[in-house]
Amino acid sequence: ALANVGKVFKKDFGSVFALTYNSSTNTTFTTRRDFNEQGTNYPVDKYTEYKDTTYSNVVLASALWNLSYKVHPNHQFGFKNLYSVNTEDRVITRKGSTDIGAGTWESSSVRWFTQNKIYSGQFNGDHYIEKAKLKFKWVAGYSNIKREIPNLRRMTRAKNTPLETDSVPYTAVIGSQGVSPSSCGSMLFQRTDESMKSIKYDLSRAFTIGKSKHEIQIGGSHIYRERSFTSRLLGYNFYTNGSKIYKNDSLLTLDDANIFSSSSIGIINGPGKRDGGFMVGESTTPTDNYQASSMLHAGYVMADSRFFNSKLRFIYGARLESYRQKLSTIIYGLPGTSDTTVVDILPSLNIVYGLTDKINIRLAYFKTVARPEFRELAAFQFLDFTTLYQISGNPELKRSK
C-alpha cells in the first residue's frame, strides 16, 4: 500500500507526505549437509543432514514528511523526516540426523521475531552569498534506532536409533545445570538502542584563471553515535534435591503445548522420588551487555580544475579524520573499557581526460579506511540457529587502510 501527498505553496514553501505499507510471506525448504574430510585417499564423510522449513512474514511500514522553504532566491531551508517499522516473524522447523554414523536424530524448531524502529531527521540549508560568490551548505541530522528480539524461543528434541522412522519417541534436550541457547525451552531477549547526532557543512567558490575553470571546496563533519545493548538468556532445568528428589524423565516426551505448562514446574507428583519438574534458570553472562560510543571529527579541502574546455579535469584534495571509539563491557569477569583515538589523512586524486565526446580516460588514486563496528568489537556470542555457528565479536580488531 502506498499513499503520497505533495503541495507547493506560493513557489516558496513545499511539502511532501507519504505512507507505505508492505507485507510479504514466504515459505522456504532447505537441505543442509555437513561433511568431514578424513584425509588423502579417503572418501569425504557426510555426518549431518537436516531438512529445514522456514516460514517468514516481513512487514515494512513507513511514513515520510519533507518540508522546504525558500526565504530568498539565494537562501533555502529543508526539513526531512522518515520513520519506519520493519518486522520479521520467522518460524523454522528442522528434522534430520546430527550424527549419521551414530544414529542420532534431531527434531527442533525456533520462533524468531525481530522488530526494527528507525527515525531519521535532517534540517538543512543552501545559501549563496552573492558579493563573495560563495556557496554554503549545511546539514544537521538526528537518527534513532531501536532493534528488539522480544523472545527468541527454541525447542530441541533428540533420540538415538538406527532409523529415524522407528517408534522411539523424541525427548527434549534439557540440561541439569545452566541454560544453553540450543536447549529445549531456551528464551533469548535482546534490545539495542542507538542514536546518532551529526552536522556537516561545505563552503565552495568557483573562479577562472585564463581559460581554465576551478572550484575550491572546504568543509567538515562531526558525528556522535551512542549505543546500548542488552541480552538475557533464560531457559529450563530440572529441579532436583540430592537423593531426595530426582528428575521426572517422563516430562521430556510431552509435546510443545504441554511440556512447560504449570503442572510441569517445581515439585510434581511423580513415581517414587521422581518428583522433580522443571525450574526456570538464567545463563546471562556479563559479556552479553555493552555500551559503546564514537565521535568522528573530519575536515577536508578539495579542488576541481578544468582545462582545454573541460577536456582535462583534475579533482584532488585530502580529508583529515579523527575518530574516537569507546566500548564498555565485562571481559574475563572484570570491567573492561576499550577507548581508542586514531587520526588518518586520506588523500584523493582523480584525473579525467575526454578522448572523444563518448570516451573518457580516467585515473584515480585514493586512500580509504574501514573501522570495526560496535558489534564486531563486542565479545557477546550469538548462536545462529540456521548454521549452528557461534557468532562473536573480537575486542582486538583494528582498522584497515
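1. A quick definition before anything else: a residue is called buried under 20% relative accessible area, exposed over 50%, and partly exposed in between (1.4 Å probe, protein chains only). By that rule R232, at 43% relative accessibility, is partly exposed.

2. Some housekeeping on the model. It is a predicted one, where local features need pLDDT of at least 70 and side-chain atom pairs count only at pLDDT 80 or more, while totals for chains, interfaces and linings use all residues. Numbering runs from 1 along each chain as its sequence is written, and side-chain values use heavy atoms, with hydrogens and water left out.

3. Back to R232, whose side chain meets that of E282 in a salt bridge at 2.8 Å, N to O; the term means a side-chain nitrogen of Lys or Arg within 4 Å of a carboxyl oxygen of Asp or Glu. The pair ties together distant parts of the chain, with R232 in strand β9 and E282 in strand β10 (residues 278-282), 50 residues apart. Strands here are DSSP runs (E, at least two residues), as are helices (H or I, at least four), numbered from the N terminus. E282 is partly exposed too, with a relative accessible area of 42%.

4. What does E194 pair with in a salt bridge? The partner is R225, and the closest N and O atoms are 3.0 Å apart. This is another link between distant parts of the chain: E194 sits in strand β8 (residues 186-209) and R225 in strand β9, 31 residues apart. Both E194 and R225 are buried.

5. R227 belongs to strand β9 (residues 212-238) and counts as buried because its relative accessibility is 17%. Not counting residues up to four places away in sequence, R227 touches T192, D193, E194, Y290, Q291, A292, F374 and R375, a contact being heavy atoms within 4.5 Å.

6. The search of the whole structure finds 21 salt bridges. One of them joins K200 and D202, with the closest N and O atoms 2.8 Å apart. K200 is partly exposed at 42% relative accessibility, whereas D202 is buried at 12%. Elsewhere, R319, E321, D344, R371, R399 and K401 are linked in a network of salt bridges.

7. Now the nonpolar cores, meaning sets of buried Ala, Val, Leu, Ile, Met, Phe, Trp, Tyr and Cys residues joined through side-chain atoms within 4.5 Å. The largest has 18 residues, of which V110, W112, L152, Y290, L327 and F382 touch the most other members. β5 (104-129), β6 (134-160), β9, β11 (290-307) and α1 (374-377) each supply at least two residues of this core. A second, separate core of 14 residues includes M187, L234, F238 and I268.

8. Last, have a look at F29 in strand β2 (residues 13-36). Is F29 buried or exposed? Exposed, with a relative accessible area of 65%. Leaving aside neighbours within four places in sequence, F29 is in contact with D52 and T53. The C-alpha atoms of F29 and D52 are separated by 5.8 Å, although the two residues are 23 apart along the chain.
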